[in-house]
Structures are given as C-alpha cells and as structure tokens.
2 protein chains.
Amino acid sequence: MNALLLSNSRGPDGAYLVHALDAIRALTPSGGQSQTEALFVPFAGVTMTWDDYAAKVAAALAPAHVSLRSVHTFASDAEAQAAIAKTQLIVVGGGNTFQLLAQCRSRGFVEAIRQAVRGGARYLGWSAGANLACPTISTTNDMPIVDPQGFGALDLVDFQINPHYTNALPAGHQGETRNQRIEEYLAANPQSTVLGLPEGDWLQVAERAVTLRGPHEAVWFAHGAAPRALTSGEAVPGAAR
Amino acid sequence: MNALLLSNSRGPDGAYLVHALDAIRALTPSGGQSQTEALFVPFAGVTMTWDDYAAKVAAALAPAHVSLRSVHTFASDAEAQAAIAKTQLIVVGGGNTFQLLAQCRSRGFVEAIRQAVRGGARYLGWSAGANLACPTISTTNDMPIVDPQGFGALDLVDFQINPHYTNALPAGHQGETRNQRIEEYLAANPQSTVLGLPEGDWLQVAERAVTLRGPHEAVWFAHGAAPRALTSGEAVPGAAR
C-alpha cells in the first residue's frame with residue numbers, strides 16, 4: 001500500500017497543500033513526471049459545493065501533474081465504483097468526517113475504495129480523509145452533523161489518527177483537552193492505538209511501513225501507557241493492513 | 001417541564017456545580033427546603049468509575065438537599081426504569097456524550113427518561129447531560145469514542161445546544177472554529193437551530209419557556225441567518241416540547 005495521510009491541508013504559511021507537494025509527487029506512479037489521472041472524494045465538504053471543492057483541489061494538485069475527476073460527477077454511483085476500481089490515485093479531502101463517511105457508505109464507496117487501495121491504487125487523504133483511512137472515525141475532532149450509520153471506515157491502517165492534533169485549549173476553556181479525549185477513546189477501546197498528528201505533519205505509508213514526516217513531533221497513545229513523542233522520520237508503531 | 005441545562009459543571013472559580021446551586025435548589029419540588037430523592041445518570045463518565053462519579057455529584061448536591069442514587073446501582077435495567085418512572089428529579093452528568101447515549105439507549109433509558117420528564121420529573125443536566133436533552137446529540141463537542149446506534153436523544157427541547165461554547169481556537173490552530181462547525185451542522189440540518197451556550201451559563205426551562213441564565217452572552221444560530229447574541233435573562237427562541 002502507498003499512501004499519504006496528512007493532518008491537514010495547509011502548512012504554517014497557510015498555502016493549500018503546498019507543504020506536502022513533494023511527497024504528493026513522489027506518491028504518484030511516475031513520481032510527478034507525467035500525468036496521473038486521479039479520483040477525488042469531495043464529500044467532507046459541507047459549506048462549499050462539491051464542484052467548487054474539486055476545482056480547488058485540482059488547482060492545488062496541478063503542479064504535481066495530477067488531474068482530478070470528482071466521484072460525485074459520475075452518472076451513477078455504480079459508474080463511480082467502476083472508476084474507483086481502475087484508478088491509480090484516490091484523493092480524499094478534509095471537512096466533516098461524519099458527512100464524508102455517510103456519503104461514502106450510502107454510495108457503496110467504502111468497500112470500493114478499500115478494495116482499490118488494497119489492489120494497488122495510491123491513497124492521499126488529509127484531515128477527514130486521513131480519519132477515513134483508519135479502522136473507524138472514532139478519533140475525529142469533527143461535529144457529528146449527520147449519522148454515518150456506523151463508525152467503521154476504510155481500515156487501511158491498523159491504528160487511529162487524530163488529525164489537527166494539539167493538546168492546547170483556548171485560554172480559560174474548561175472542556176476536555178485533546179489528550180483527555182484520546183484517553184477516553186482508549187478507555188472505551190483499550191485494544192486500539194492512536195497517533196496524534198499535529199498540523200503540518202503527515203504519514204508516509206509504503207507497503208506496510210508507516211513513517212512520520214513533517215516539521216513537528218507527533219504523539220503515540222496506547223491504553224495504560226504514557227503518551228510517547230515520535231520525531232519526524234521515525235517509524236510509527238502501527239502498520240498498514 | 002422543569003429543567004436546568006448547564007453548559008458545564010464549573011463556574012469561573014472552578015468550584016463544582018456551585019455556580020448553579022441556587023438554581024438547582026429552585027428546581028427541586030421543595031425549593032431546596034426539604035430532601036429531594038433524585039436519580040443520577042453517570043454514563044458520560046469514562047475515565048472515572050460510575051461509583052466515584054456518583055459520589056462526587058452527591059457531595060456537590062448535598063447543600064441543595066438532593067440525595068442521589070445512581071441508575072447503574074439497580075439490580076437490573078428494568079428496576080432502574082421503574083425507578084426513573086417514579087423519580088422527582090433526574091440528574092445527568094457530563095463527560096462523553098456518545099457513551100452517555102450509547103448506555104442510555106442500550107438500557108432502555110432514553111424512552112424511560114423522556115416519559116418521566118414529560119410526566120413531571122425535573123431534569124438537571126450539564127455538558128453531555130444538556131446535549132442529551134436535545135433532539136439529537138449532533139451538536140456535541142465530544143469525540144465519538146463509541147457508536148450510540150443512532151444520534152436521536154431525549155428531545156426534551158426543540159433546538160440543539162452546543163455546550164462549552166466558544167469561538168476561540170488555540171493560537172495558530174487551523175481546525176474549524178466552533179461557529180464553522182455549527183454552520184456545517186445547519187447546512188446539513190437546515191430546519192434545526194442551535195444555541196451556543198458558554199461555560200458558566202445555563203438554560204432554565206419552566207413549562208415551555210426557556211430562559212438564558214448566567215454571566216455570559218450566548219449565541220443563537222439558524223440556517224441562513226447571522227448568529228445572534230442572547231443576553232442573560234432573555235427568552236431563548238426555542239421551546240421545551
């Protein structure tokens with residue numbers, strides 16, 4: 001399996017997908033030297049149209065010679081599923097994880113994408129798109145605006161990702177910290193593990209190996225163990241399926 | 001219907017449930033003058049035992065002459081349901097909203113609590129316990145650590161509450177603001193409305209009327225309308241069922 005799982009879409013300078021563009025080039029079959037036909041999954045977008053979202057991502061990925069077609073533009077979900085089965089690269093954008101999973105599930109895309117990636121298609125996802133690659137979406141930060149009819153997701157990796165990871169709270173705020181939320185997740189799911197992936201970082205998945213990339217330390221959480229910092233370039237304790 | 005729906009459990013000084021203690025006294029049948037036998041719902045507690053949680057809340061409510069029995073201490077869920085049907089006051093603590101709803105649903109307490117409150121039992125909830133009073137839990141801030149098998153909740157009021165409301169983000173963070181999250185909820189659920197309830201505030205429900213109480217302005221959100229500030233003492237545009 002070849003994949004990039006990004007915490008978020010922007011680097012510290014705010015430029016859209018630029019921080020990981022070299023890694024995205026390297027993810028394509030040609031290393032960004034020739035055109036890659038990719039499919040885009042826009043369903044995490046809630047307050048922008050899926051057409052607009054696809055156009056925005058297409059523009060951002062053009063420098064990597066990736067051309068996108070969005071899966072919502074096919075005449076039917078069956079046609080989109082057939083295209084997913086043949087594509088070289090699946091790109092899943094961020095936004096609301098619950099709507100992303102709800103749409104993918106109701107359209108039969110969860111199984112289609114899982115099979116495609118296990119069959120060799122590359123996977124690029126950020127934020128909600130990184131959560132979708134996990135066993136479940138249970139470590140998302142998003143508001144549960146729609147019921148996805150089950151939290152099970154693509155299960156491409158054997159651990160959970162918490163994107164946009166930070167343990168900071170707004171000044172004076174009394175809600176749970178992110179670490180407390182992840183501890184609660186692990187108390188309810190003690191067999192699971194969670195990677196807190198800070199903004200600007202991503203995971204590079206090559207075959208089964210998962211490597212942390214980007215400027216920041218990430219944090220690995222397991223039930224009953226102290227959180228453990230991972231440095232960029234370090235192998236993540238989890239693996240691709 | 002008589003209820004108090006608190007954003008959170010602590011005032012700015014950090015003292016547990018003290019900020020709303022006068023309102024809690026007024027919620028009891030005797031106005032806090034004589035003992036009220038109440039039932040406590042501890043299921044939002046994840047990293048503390050339900051026994052410990054019940055003891056903590058019992059100590060906090062003792063000055064209001066409220067004595068608590070936790071619903072997890074009955075010999076069976078059927079016995080707890082029977083007690084719920086007869087109680088004067090139901091107290092639902094905060095923590096993780098998904099686990100709270102999952103436990104209430106699997107034990108048959110969602111319908112039992114709804115019927116009890118519609119039949120005259122008082123309801124006191126904070127944080128997750130305020131979310132549970134809404135039509136759904138879709139405006140919680142919590143991590144979806146377990147699947148509650150549907151997001152539908154007690155439906156005691158006809159609007160959604162976002163507890164711990166703030167629009168601030170940690171410095172430098174690029175995740176969605178709370179207002180963006182609520183806008184996404186309304187885009188997906190345009191018939192719904194949301195009250196952003198800041199920490200330290202609560203809603204007083206008397207018959208159908210809902211009044212904002214506490215030190216801070218709250219914010220009312222409706223699809224296609226600008227967010228609207230509500231001042232303490234003001235009637236909330238929503239209503240009890």
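User: What makes helix 5 of chain B count as mostly covered?

Analyst: This is a predicted model, so every value here is computed from it. In helix 5 of chain B, seven of the ten residues are buried. Those residues are Phe109(B), Val110(B), Ala112(B), Ile113(B), Arg114(B), Ala116(B) and Val117(B).

User: What covers the buried residues of helix 5 of chain B?

Analyst: The cover includes strand 2 (36-41), helix 3 (77-86), strand 4 (89-92), helix 4 and strand 5 (122-126), each of chain B. After helix 5 of chain B comes Gly120(B), with a positive phi near 125°.

User: Why is the pair Arg118(B) and Asp155(B) called a salt bridge?

Analyst: The rule asks for a side-chain nitrogen of Lys or Arg within 4 Å of a carboxyl oxygen of Asp or Glu. For the side chains of Arg118(B) and Asp155(B), the N to O distance is 3.9 Å, so the pair passes.

User: Which parts of chain B does that pair tie together?

Analyst: Arg118(B) belongs to helix 5 (residues 109-118) of chain B, and Asp155(B) to the loop between helix 6 (128-131) and strand 6 (160-162), so the pair ties together parts that are 37 residues apart in sequence.

User: Is Arg118(B) buried, exposed or partly exposed?

Analyst: Buried means under 20% and exposed means over 50%. Arg118(B) has a relative accessible area of 47%, so Arg118(B) falls in between and is partly exposed.

User: Which residues of chain A form a salt bridge network?

Analyst: Arg118(A), Asp155(A) and Arg241(A) are joined into one network by salt bridges that share partners. One of these bridges is between the side chains of Arg118(A) and Asp155(A), at 3.9 Å, N to O. Arg118(A) lies in helix 5 of chain A and Asp155(A) in the loop between helix 6 (128-131) and strand 6 (160-165), so parts that are 37 residues apart in sequence are tied together. Arg118(A) itself is partly exposed, at 48% relative accessibility.

User: How do you know that Glu111(A) and Arg114(A) meet in a salt bridge?

Analyst: Their side chains come to 2.3 Å, N to O, and the cut-off is 4 Å, so the pair counts. Both residues lie in helix 5 (residues 109-118) of chain A, three residues apart, or about one turn of the helix. An α-helix has 3.6 residues a turn, so residues three or four places apart point the same way.

User: What makes Arg181(B) a buried residue?

Analyst: Its relative accessibility is 14%, and the limit is under 20%, so Arg181(B) counts as buried. Leaving out residues up to four places away in sequence, Arg181(B) touches Asn141(A), Asp142(A), Met143(A), Ile145(A) and Glu176(B).

User: How is the size of the interface between chain B and chain A expressed?

Analyst: The size of an interface is often given as the accessible area lost when the parts come together. Between chain B and chain A about 3300 Å² is buried, and carbon and sulfur atoms give 58% of that area. In terms of contacts, 45 residues of chain B are in contact with 45 residues of chain A.

Key. Residues are numbered from 1 along each chain as its sequence is written. Chains are lettered from A and ligands numbered from 1 in the order in which they are written. This is a predicted model: local features need pLDDT of at least 70, side-chain atom pairs count only at pLDDT 80 or more; totals for chains, interfaces and linings use all residues. Side-chain values use heavy atoms; hydrogens and water are left out. Contact means heavy atoms within 4.5 Å. Buried area is the accessible area (1.4 Å probe) that two parts lose on being put together, summed over both. Buried means under 20% relative accessible area, exposed over 50%, partly exposed in between (1.4 Å probe, protein chains only). Helices (H or I, at least four residues) and strands (E, at least two) are DSSP runs, numbered from the N terminus.
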